[in-house]
Amino acid sequence: SMYRNTFIYCVDGYFTLQLHLCLTSSFSLFLSSAHGCYDCRTVLTDPSGVFTSPCFPSDYPNSQACRWIIRAPHGFIIQLTFIDFDIEEAPGCIYDSLTLDNGESPMNLCGITAKGLSYNSTGNEMIVSFKSDFSIQKKGFNASYVRIAVSLRNQKVIIPQVPDIDVVSVAETISVPELRQFTLCFEATKGSSDDNDDWKVFSYTDALLRELFSFGKTTKGHFLSISGTQCILKNVLPRNTEFFTGTFQQLCVVWDSFSGTIGIYAKNTYHIVDCPQIFDKVIPGNGRLVLGSNSNEVSSLNGDIYNFRLWNFTMNAQTLANLSCDVKGNIVDWENEFWSIPTSALKAENNLSCGSYLIPSSSIEPTSCANLGSLCQATVNATTPTPPTVTTNMPDTNRNDKPNNGGLFYRISIVVSSSNPNSVSKVHDVVAEWLNRTFQNWNYTVYVVNISIHPASIREGARQKRSIKSFSALALLVYNSTNNINLEEEDIRQKLISNNRTMEEGYQLHTVDVDPVEKCLAEENPPNYFWPDTRPTVTNFTFCHGSSSQTASRTCYLGLQNYTSYWGQPDLRNCTENAADIANQLLNLTGEGQQLTSDKVNDVVQKLKKIVNNEEIDESLGSTVVTIFSNILASSDSVLAASSSEALKTIDALALKIHFDGPSMSISTRNLALGVSSINSTSFKGGSFSVSPQNNASDFQIDFDKDQTSSIASVVLPPSLLKNLSQDEFEVISRAQF
């Protein structure tokens, strides 16, 4: 059936002409061929998907034992949403139940309370178990899942090609110290069609935009620039051919001001380049580091970059050869909190060297429902082969109860002495070499970073002869406990003492202290956000206050000045509602294949009403909102009945607010068409609006100022339409909406 209702009214000072078209909508029920209910014990590794209880939406059978393991790469969390949920209710869910293990504490669900709710995992795996007893069956559940990338390790950065537009830079919260030496490693690609030989990978400048530090290539060859001095890396990196190609290539650069040398580690080979001009040079601190070029005079490398890490000390060839993804840059690391990156520059990929994508595989086990044969099945449908667009800047996800996530940290404090009159830098080299040698090939996977040396105080050296020089050394030991084997402080201490006599230059240990770096203590900050005891470098997640889907995060940081832990500021960005993000979530929630109930439709309409009433509406957001309403209109009359009036009023309000360029704007979708035409009251000569089906398409076609003979409906606005209006009404007329 179809009816037309044309009327004119004023709303909030706007003159409105409106046409409502109510069309019958059709739907079909698609019954897929069954493959047996064994699919209810499986491993799901697709980026997103849908799975159901056996026989859904019919009642589930008796005596079921189903188990779905949803896995994502490290650096992702799983978000599970119950689109529909009805399981036999009982105290403690003692009969039929769904058990959800999100990585912290399993929870049992039954009844209908979980319907419409979302749950997030704390790590990269979520386990869903379903069981039914010998009697009383219900409809069961329909669940969707999606992985959310929260780690930069699973993403590369597309190097911006225009300075000051979509700039990728080290975050303002990260302070780069004064540098007299460094080790820098990164991976990069270069477009195969780009033959430009004048580019930069990164640039570090001061407040006056004077370049202090950069790496790139000119027609003379690859170069490293330090404080205005450019060192050409001849005979190390190719001049006439490309080092960076279409696949990622790692490059490590080591600079030492004290020796005036540059080390290049590339393709498993270490070369040293002498550059006397950079001897005793200093790179000032507190500058700004950007990826690509910082000026229009030199191009940026036309490619991608990944795993950019910077240390304020030098690494030798052996250390670089053994450098793993777990060795974090102590100045800049490839983690979200170190960078300011626009979403447009981020791209998730499954072949990154330090990413952790699982190879999709199917692991199916038989269950007790095999006797059902082809009567029903638990469906598992992947919704898309590609990861979702990453819009979050939350740091890496880490489970707080497993020591191998984030590593364990120990402060090593020693005093060494020798009669040799060596400089602090020489002592640093001796101690660093000795510490690295001491912990090589140990039973524990450890490495030492951030070694600092200073002359021992008088008190520390008081008992020694005046000819003996003493130095205090402070270092950080990182333990990756991959096998969950405990490492005690005394074990580290004894390891150091037993290797005392292997130190060069005649140095001997005087004192040895080893202490674990403390956890960040539990606290509430801000109110209603509770953070548990947390180890350094670990990020905790909690639901935003009043939300069961959005999460806040907070990281326990490790201060590299004194090796103590401290809380970072809570990241509540996800808790601040963003209209476009909410609209996209609602679009997914109401998309094709989703089963909407009357309560769910009402909830969606209320959220859309809030967006329309409180936000600025551009054509993009308006198009999303109209599409959501179109999706809702595919539901049955009984589902729509309670919300239809509120929905129409919200569409009216949208048409009054939407901003658009030109004389008119139209949005056409499968079940709904919206047209808005500007009106100049002083020169109005009439107009028209028509809607007709597109050729070979299911969407509408909207036309202004012409009458379509094949139109579903049309409205003609005569020139006399604006007569007999008051002056106030006449002056506020601005648009007609259909």
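Tutor: Take the open sheet of three strands with the order 37-38-42. The model is predicted. Pairing in this sheet is antiparallel. Strand 37 (664-668) and strand 42 (735-737) are the edge strands. Each of these two pairs on one side only. On average, neighbouring strands of this sheet are turned by 10 degrees against each other, direction ignored.

Now look at one pair in detail. Strand 37 and strand 38 (residues 673-678) run antiparallel, and five bridges join them.

Helix 9 (residues 644-657) packs with helix 7 (residues 619-632) at an angle of about 160 degrees. Their axes are 11 Å apart. That angle makes helix 7 roughly antiparallel to helix 9, because angles over 145 degrees count as roughly antiparallel. The crossing of the two helices is left-handed.

Which residues make the contact of helix 7 with helix 9? Helix 7 brings Gly 622, Val 625, Val 626 and Phe 629. Helix 9 brings Ala 647, Thr 650, Ile 651 and Leu 654. Sort them by class: six are nonpolar, two are polar and none is charged.

For another case of antiparallel pairing, go to strand 16 (residues 211-218). Seven of its eight residues are buried, so strand 16 is largely enclosed by the rest of the structure.

Strand 16 pairs with strand 15 (residues 199-205) in the antiparallel sense, over six bridges. Ser 203 has Ser 214 in strand 16 as its bridge partner. The hairpin of strand 15 and strand 16 has five residues between the strands. In this hairpin, Leu 209 takes a positive phi near 65 degrees.

Strand 16 is also joined to strand 17 (residues 221-226) by six bridges, and these two run antiparallel. Here Gly 216 stands opposite Phe 223 in strand 17. Strand 16 and strand 17 form a hairpin as well, with two residues between them.

Technical notes:
Residues numbered from 1 in each chain as written. Predicted model: local features only at pLDDT ≥ 70, side-chain atom pairs only at ≥ 80, totals over all residues. Heavy atoms only, no water. Axes fitted to C-alpha atoms, helices over the stretch in contact; angles between N-to-C directions. Helix = DSSP H or I, 4+ residues; strand = E, 2+ residues; numbered from the N terminus. Parallel < 35°, antiparallel > 145°, perpendicular 65-115°, else oblique. Left-handed = near helix turned anticlockwise from the far one by under 90°. Contact = heavy atoms within 4.5 Å. Nonpolar A, V, L, I, M, F, W, Y, C, P; charged D, E, K, R; others polar. Buried < 20%, exposed > 50% of the residue type's maximum accessible area, 1.4 Å probe, protein only. Pairing = 2+ DSSP bridges.
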